[in-house]
Amino acid sequence: MHCQTLVLGAGIVGVSSALHLQARGRQVVLLDRQPPGNGTSHGNAGLIERASVIPYAFPREVTKLVRYGLNQQSDVRYSLRHLPKAGPWLLQYWRHSSPKGLAAATRAMLPLIERCVTEHLALARPANMLQLIADGGWLEAFNDQEAFDFAQRAAADLRDYELNYRVLDRAELLALEPGLHQGVVGGLHWLDPKTVSDPGGLTRGYAELFKQRGGQFVIGDALTLTQIEGGWQVQSELGPITAQEVVVALGPQASGLFEPLGYRIPLAIKRGYHMHYAAVPGTRLQHPILDPVGGYVLAPMVGGIRLTTGIEFADCDDPINEIQLRRCEALARNFYPLGERLDAEPWLGRRPCLPDMCPVIGPAPRHPGLWFNFGHAHHGLTLGPVSGQLLAQMVTGETPFTDPTPYRAERFN
């Protein structure tokens, strides 16, 4: 089999890249070792996060660092055995999270964040997936007045970004979500983001649109990629596939491909979990709710109420560890009524992260015809379509909608 462009990875970033390349006339084959939308794109809080204009930075306050160092928090947990391996990357992350570094990351990511909703809707309409996307925004809820006051000040500091949000007192918050614990003191309602009730289903819907438009999805092993005369070759269940161009959109697995090619890109993994719960009779969760103190999200999904955890630093292939999920579940049950668990075991996801809080989008500098699109950290769902558009513009020689320099692969070398 031969094609013009081979996209490796059928998560939201890879599927979106394939669609945008296809729309520009490329003959595209999409390849993954499992069906579309079954990897990291399946398990998240379902937020198209237009309001997250400030990237997730490494904490720099001494009190927070000490608290996290004790490893008893619900929002961040680490495996002691993994720390020596993670240490150099965490140091880079800490350095990039300085005020200057965070400001640079914010400027770099803003053009992508600003277009994230528009680009999703441009795919969701023809894919007939609008029923999975809701307009109600999401809530931050607080049961601590000091934390609520701090969040209001932080939101006011974002006034230059012209975000739409409401400050809710206790009565207003309970009117929106009557099931919340009566001890809540207030909240913030972020109105610009969209919410997705089935992130994996949305990705699969986009993949179906790709196939309806003439694209082909093939099961195969992306890590068999080799350079051949005039292009690239990979092994699939249909035999070898050759292509003139290859896009690496493998998320957390990308390092298994770029490292053997000699690229030193500091891609790390932030692990996270989710579990679904039944609704307690007489209650219905209307919006995703973030408990910013506990560091978890409760989101209404087609499979039940989904609890998603924060960050776990552990080896990528370590087995599931329920410590963090149990901590979050205990907090969540005191925040909102949850029924029984609906999943046989927790879902474990792996977020591909770079220390400067920006993805890699663009050409592989030493290998003509090889392109990268990975490292979207907590915002893979949010940024899949818009980064797919930017990548496709670069591949096909269009003028990119924004300067792609901040996302270049060689910035780490």
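Lys211 is partly exposed in this predicted model, because its relative accessible area of 36% falls between the limits of 20% and 50%. Its partner Glu208 is likewise partly exposed, with a relative accessible area of 38%, and the side chains of Glu208 and Lys211 meet in a salt bridge with an N to O distance of 2.9 Å. Both residues belong to helix 8 (residues 199-212), where they lie three residues apart, or about one turn of the helix. An α-helix has 3.6 residues a turn, so residues three or four places apart point the same way.

A second pair within a helix is formed by Glu329 and Arg333, which are four residues apart in helix 10 (residues 323-333), again about one turn. The closest N and O atoms of this salt bridge are 3.2 Å apart. Here the two partners fall into separate classes of accessibility: Glu329 counts as buried at 13%, whereas Arg333 counts as partly exposed at 35%. Elsewhere, salt bridges that share partners join Arg81, Lys85, Asp315 and Asp318 into one network.

The salt bridge between Glu312 and Arg77, with its closest N and O atoms 2.8 Å apart, links distant parts of the chain, since Glu312 is in strand 17 (residues 311-313) and Arg77 is in strand 4 (residues 76-78), 235 residues away. Both Glu312 and Arg77 are buried. The count of salt bridges comes to 14, and three of them are set out below.

| Salt bridge | N to O distance | Location |
|---|---|---|
| Glu208 and Lys211 | 2.9 Å | helix 8 (residues 199-212) |
| Glu329 and Arg333 | 3.2 Å | helix 10 (residues 323-333) |
| Glu312 and Arg77 | 2.8 Å | strand 17 (residues 311-313) and strand 4 (residues 76-78) |

The loop between strand 3 (47-48) and helix 2 (62-69) holds Ser52, which counts as buried because its relative accessibility of 12% is under 20%. The side chain of Ser52 makes a polar contact of 2.7 Å with that of Glu49. When neighbours within four places in sequence are set aside, Ser52 is in contact with Ile113 and His379. Pro193 lies 141 residues from Ser52 in sequence, while their C-alpha atoms are 8.8 Å apart in space.

Phe58 is in the loop between strand 3 and helix 2 as well, and its pairing with Tyr93 of helix 3 (residues 83-96) links parts of the chain 35 residues apart. The ring centres of Phe58 and Tyr93 are 5.5 Å apart and their planes stand at 80°, so the pair is edge-to-face; both residues are buried. A search of the whole structure finds nine aromatic pairs, and one aromatic cluster is formed by Phe258, Tyr263, Phe372 and Phe374.

Charged groups also sit over aromatic rings. The charged end of Arg67 is placed over the ring of Tyr68, at 5.9 Å from its centre, and Arg115 lies over the face of Phe401, at 4.1 Å from the ring centre.

Helix 11 (residues 380-395) bends by about 30° at Val386. This helix is mostly covered, with 16 of its 16 residues buried, and just after helix 11 Gly397 takes a positive phi of about 85°.

Terms used
Residues are numbered from 1 along each chain as its sequence is written. This is a predicted model: local features need pLDDT of at least 70, side-chain atom pairs count only at pLDDT 80 or more; totals for chains, interfaces and linings use all residues. Side-chain values use heavy atoms; hydrogens and water are left out. Helices (H or I, at least four residues) and strands (E, at least two) are DSSP runs, numbered from the N terminus. Buried means under 20% relative accessible area, exposed over 50%, partly exposed in between (1.4 Å probe, protein chains only). Contact means heavy atoms within 4.5 Å. A polar contact is a pair of N or O atoms within 3.5 Å; within protein, one must be able to donate a hydrogen and the other to accept it, and residues adjacent in sequence count only if both atoms are side-chain atoms. A salt bridge is a side-chain nitrogen of Lys or Arg within 4 Å of a carboxyl oxygen of Asp or Glu. The bend at a residue is the angle between axes fitted to the seven residues ending there and the seven starting there. Rings of Phe, Tyr and Trp (its six-membered ring) pair if their centres lie within 6.5 Å; planes under 30 degrees apart count as stacked, over 60 as edge-to-face and the rest as tilted. A charge sits over a ring if NZ of Lys or CZ of Arg is within 6 Å of the ring centre and within 35 degrees of the ring normal.
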